[in-house]
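Trainee: I would like to examine how the parts of this chain are joined. May we go through the model together?

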Amino acid sequence: MSTPTYAIVGANLAGGRAALTLRDEGFDGRIVLIGAEPHPPYERPPLSKDLLKGHREAESTYLHTEDYYAAVDIELRLGTRVERIAPRWSGLELSDGTTVTADHVLLTTGARVRRLDVLGADLDGVHYLRTLDDALAIREQLSAATNLTVVGAGFIGAEVAASAWEVCSSVTLLEAGDLPLGRAVSAEVGRFYADIHRDRGVDLRIGTGVAEIQGEHGRVRRVVTTTGDVIETDLVLIGVGTTAATELADEAGIATDNGILVDEFCRTSIPNVSAAGDVARHPNRYAGGHVRLEHWQTAQNQAMAAARAMLGRGEPYHEVPWFWSDQYDLNLQYAGHPAATDRTVRRGDPDDLSFSILSLRDNKITGVLAVNRPRDVRAAMKLIESGTPVDPDVLADAATDLRKLSTIGGR
Ligand SMILES: Cc1cc2nc3c(=O)[nH]c(=O)nc-3n(C[C@H](O)[C@H](O)[C@H](O)COP(=O)(O)OP(=O)(O)OC[C@H]3O[C@@H](n4cnc5c(N)ncnc54)[C@H](O)[C@@H]3O)c2cc1C
C-alpha cells in the first residue's frame, strides 16, 4: 500500500506548524506545503514591531530555513498559489500548472487585508501591512519620510504608529471610530491608549476617516480627511482590517461563514479537508461560541491540533484565547472573553502604566486585559480554564498573589 499524501495550502505560521507537527508525530507519508509567498513560514508579530524599527532582520522571523524543511522531507512549494480544488477532489491545481493529489488537505490560507476604496489609494507610498515584503517595503521608506499617516487605529495601525514614532519625524494616526483599538478593548482602555499615543507625540485624530489621497507624479503627497483637514504626508499605511481567505473553500462547496467552519477537531464540512489558523472559525467554550481568532496563539496551537487530528490522534481544540500587542514600552495582553461580564475588578493603576482589568461573571473570571502585568494574565488564564470561583474583594486586593489563587482556589 502506498503511503498517504497530506497537502497543506498556505505556508505561514499555521501551515508551517502543521507540517512540522505531522513529521514530529512520526507521519512518514508525503507532505506538500504550498504557499503563495516567496518566504518559508514566518512569524508576523515582529512585522509591526521590531522589524519595522530595524531591530530585526527578515530571516530572524522564519520558523526554519528552507534547508530544514528539505531535511525533514517536507516539500515546500513557495511562490505558488493553489488556484482551485479540482472537482470531486481529484487534486489541487497550482499556479505553476501542476496538480497535487492528496489524501487529506489542510487549509491554512489565513486572512488578507481589507482595501480602502478611496481616490488615490493606489498611489506610490500607500501601503498595507500583512506580509514580510510589505513590512520591508514600509521600513525602507520610513526613515526618509517626513510624515507617516496611519489610517485606522486598530492593533496593526496603533503598533505601526508606535514603532514609526521611533524612526520617523512625524506620525499622524487617523481613527474613524470613537477610540483606538476598537471593540477589542473597553472604552477605559481605549482612552488610556489614546492618551498614550498623544503623550508620545503622535497626532491622533479620532472620528476622522480618509476622503481622498492626493499625489504628485504618481506619489502620495497629502491625505484629505473626512473632516476636511489636509495632511501633508509622504507615506501612508492603511490598517482597516482583514477578511478571511475563504475563496478556495467557497468554490469547493465547503461551509463558510466569516471563515471556514470547523469543529473542535478542525474538520470542515467535507471529509478529509481540515482548516486552522486565521481562516478557521471554531467552537470555543472560553470565547462564548464560534470564533475566528486572528491570534498568533491560535494559528500555532490550532494548527498543531489539526495535524494530530489528521493522524487520528486528535483531542478537541479548546484553549483560552490569548493575544498581545506591544506599543511603545507597553505590553498589552488579553485573554478569555472580557466582554462576558457582570462585574470587573481593577488591579494596579493606569497612571503607573501597570494595571489589569479582570472580568467576572457569577464570581468566575471570564476574561482579563492587562498592561505591563503579564503575570496577572497567566494566573487569570488558569482561573478561567478551571472555572474556580473567586472573591472579587480578594481579587482586587493588591496584596493578593493571583498565582496562589490559581493554584489553591479563589476563596
Ligand atoms: C503585522 C502583524 C502583526 C501581528 N502581531 C500580532 C501580535 O502581536 N500578537 C498576536 O497574537 N497576533 C499578531 N498577529 C496575528 C498573527 O500573526 C496571525 O494570527 C497569524 O499570522 C495567522 O497565521 P496563519 O498561518 O493562520 O495565516 P496567515 O499568516 O495569513 O498565512 C496564510 C498564508 O496562506 C497563503 N495563501 C492564501 N491563499 C493561498 C492559496 N490559494 N495558495 C497558496 N497560498 C495561499 C498566504 O499567502 C499566507 O502566506 C499579527 C499579524 C500581523 C499581520
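Trainee: How many salt bridges does the rule find across the interface of domain 1 and domain 2?

Mentor: This is a predicted model, in which local features need pLDDT of at least 70 and side-chain atom pairs count only at pLDDT 80 or more, while totals for chains, interfaces and linings use all residues. Residues are numbered from 1 along each chain as its sequence is written, and side-chain values use heavy atoms, without hydrogens and water. A salt bridge is a side-chain nitrogen of Lys or Arg within 4 Å of a carboxyl oxygen of Asp or Glu. Across the interface of domain 1 and domain 2, the number of salt bridges found is four.

Trainee: Which residues make up domain 2?

Mentor: The bounds come from an automatic or database domain assignment. Domain 1 covers 5–112 + 243–310 and domain 3 covers 329–408. Domain 2 is 126–240.

Trainee: What area is buried between domain 1 and domain 2?

Mentor: Buried area is the accessible area (1.4 Å probe) that two parts lose on being put together, summed over both. Carbon and sulfur atoms give 58% of the area between domain 1 and domain 2. The total is about 1600 Å².

Trainee: Which three residues supply 39% of the area that domain 1 buries against domain 2?

Mentor: No other three residues of domain 1 supply more of that area. They are Ser48, Leu52 and Lys53.

Trainee: With which residue does Glu166 form a salt bridge?

Mentor: In this pair the closest N and O atoms are 3.6 Å apart. Side chains of opposite charge can pair when their charged atoms come close. The partner of Glu166 is Lys53.

Trainee: Which helix gives the largest share of the side of domain 1 that touches domain 2?

Mentor: Helices are DSSP runs (H or I, at least four residues), and strands likewise (E, at least two), numbered from the N terminus. The share amounts to three residues, from a helix spanning residues 50–53. That helix is α2.

Trainee: How many residues apart in sequence are the parts tied together by Arg81 and Glu247?

Mentor: The side chains of Arg81 and Glu247 meet in a salt bridge at 3.9 Å, N to O. Arg81 lies in the loop between β3 (74–77) and β4 (82–85), and Glu247 in helix α7 (residues 247–251), so the pair ties together parts whose separation in sequence is 166 residues.
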